[in-house]
Amino acid sequence: MCPFRIGNGFDVHRLADGRPLWLGGVHIPHRRGCVAHSDGDVLIHAICDALLGAAALRDIGVHFPDTDKAYKDIDSKRLLEETMRLVRNAGYEAGNVDTVVCLEEPKIKDYIPAMRATLAQVMHIDVSQLSIKATTCEQLGYVGRQEGVAAYAVTILHRKLEDS
Ligand code: MG
């Protein structure tokens, strides 16, 4: 069997005035934030889905349903931690993760080092294994109108090496 597994993830959340904006496990000061059952961290949710998809372990909604009160306002870093546990239990390790955040405002590039450091620590991987990129949508569509924020993630997993 192929020792490598590729996965992709995508997530969107609606933005509303006066809500906190959490991205990549970091709070970003802004007048608008995500409307969600959890803390609405789209980047973490996309990463979780990429990891789960690569291991063929269904999706984030199956493992952490938004109808379950246990996940109300939950810190999405806990979901990522649990996702990594599921992936490792299935016999896989993350090779690398590459992501894109689509957000019109604010510019998040100055927060990316903190996001990478935060998430790498949660995932127990090296910062060099996690890439976070950002783009606007040139004022087009729901991202461009600042109605929402979206994130894409891809990952490759490899079979855990047997202890020698
Ligand atoms: Mg989500």
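**Exercise 1. Which residues form a nonpolar patch on the surface, and with about how much accessible area together?**

Before we start: this is a predicted model, where local features need pLDDT of at least 70, side-chain atom pairs count only at pLDDT 80 or more, and totals for chains, interfaces and linings use all residues. Residues are numbered from 1 along each chain as its sequence is written, and side-chain values use heavy atoms, with hydrogens and water left out.

*Solution.* 
- Step 1: the patch consists of F10, V12, Y142 and Y152, which together have about 350 Å² of accessible area. Areas come from the Shrake-Rupley method with a 1.4 Å probe, and for residues only the protein chains shown count as cover.
- Step 2: patch members need over 30% relative accessible area and no salt bridge, and nonpolar side chains (Val, Leu, Ile, Met, Phe, Trp, Tyr) are joined within 5 Å. A salt bridge would be a side-chain nitrogen of Lys or Arg within 4 Å of a carboxyl oxygen of Asp or Glu.
- Step 3: take F10 in strand 1. F10 is partly exposed, at 39% relative accessible area (buried is under 20%, exposed over 50%, partly exposed in between; 1.4 Å probe, protein chains only).

**Exercise 2. Work out which residues of the largest nonpolar core touch the most other members.**

*Solution.* 
- Step 1: a core joins buried Ala, Val, Leu, Ile, Met, Phe, Trp, Tyr and Cys residues through side-chain atoms within 4.5 Å.
- Step 2: the largest one has 45 residues, and L23, I47, L51, L80 and M115 touch the most other members.
- Step 3: helix 1 contributes the most to this core, ten residues.
- Step 4: zoom in on L80. Skipping residues up to four places away in sequence, L80 touches I44, I47, C48, L51, L119, V122 and M123 (contact: heavy atoms within 4.5 Å).

Methods:
Patch = residues over 30% accessible without salt bridge, like charges linked within 9 Å, V, L, I, M, F, W, Y side chains within 5 Å. Helix = DSSP H or I, 4+ residues; strand = E, 2+ residues; numbered from the N terminus.
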